[in-house]
Amino acid sequence: FSHGALPGEGKTLHIAGQTGQHEDMTLDDGLVEQFARACQAVAMVIAEAGGDSHDLVSMTIFTTDVPGYRESLGPIGEAYRQVFGKHFPPMALIGVAELFDPKAKVELVCTAVV
């Protein structure tokens, strides 16, 4: 993992509120599935800005289930690598009581430099 990132030149892209929602606003029940979908959503925002997944420079993960996150580190790591590969920017995990959507278990706030 990484403690810091010093990006090169580019435009800073701030990404917030990425949960595991599908286009129809439904959520899968599982934490891993929601995390995987949220990562895909982040990658789509970066791509729409003209970048790629390696432009990600930081990720903050908010979860309502820290114990479940710890128990699922293997599958969560695999879900992350399927989207971002072996690119590991600085990350933080923060436990919260709830998110805006009561069914959401994870929300990502990220920064990319495109």
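Which residues in α1 meet which residues in α3? In this predicted model, local features need pLDDT of at least 70 and side-chain atom pairs count only at pLDDT 80 or more, whereas totals for chains, interfaces and linings use all residues. Residues are numbered from 1 along each chain as its sequence is written, and side-chain values use heavy atoms, with hydrogens and water left out.

From α1, the residues are Leu-31, Val-32, Phe-35, Ala-36, Cys-39, Gln-40, Val-42 and Ala-43. They meet Pro-75, Ile-76, Ala-79, Tyr-80, Val-83 and Phe-84 in α3. Contact means heavy atoms within 4.5 Å. Helices (H or I, at least four residues) and strands (E, at least two) are DSSP runs, numbered from the N terminus.

The axes of α1 and α3 are 9 Å apart, at an angle of about 20 degrees. That makes the two helices, α1 and α3, roughly parallel. Axes are lines fitted to C-alpha atoms, for helices over the stretch in contact, and angles run from 0 to 180 degrees between N-to-C directions. Angles under 35 degrees count as roughly parallel, over 145 as roughly antiparallel, 65 to 115 as roughly perpendicular and the rest as oblique.

Helix α1 covers residues 31-48. Its 18 residues should span 26 Å at 1.5 Å a residue, and its end C-alpha atoms are 26 Å apart, which agrees. The expected span is 1.5 Å times one less than the number of residues. Buried residues of α1 include Gln-34, Arg-37, Ala-38, Ala-41 and Ile-46. Buried means under 20% relative accessible area, exposed over 50%, partly exposed in between (1.4 Å probe, protein chains only). The buried residues of α1 pack against β1 (12-18), β2 (56-63), α2 (66-71), α3 (73-84) and β4 (106-113). Gly-50 follows α1 and has a positive phi, near 95 degrees.

The loop between β1 and α1 holds Met-25. Met-25 is not a glycine, yet its phi is positive, about 75 degrees. Most residues other than glycine have a negative phi. Met-25 is exposed, with a relative accessible area of 52%. Leu-27 also lies in the loop between β1 and α1. Leu-27 counts as buried, at 16% relative accessibility. Not counting residues up to four places away in sequence, Leu-27 touches Gly-20, Gln-21, Gln-34, Asp-101, Lys-103 and Ala-104.

Ser-72 sits in the loop between α2 and α3. Ser-72 counts as buried, at 17% relative accessibility. A polar atom of the Ser-72 side chain lies 2.9 Å from the backbone oxygen of Gly-68.

Key. A polar contact is a pair of N or O atoms within 3.5 Å; within protein, one must be able to donate a hydrogen and the other to accept it, and residues adjacent in sequence count only if both atoms are side-chain atoms.
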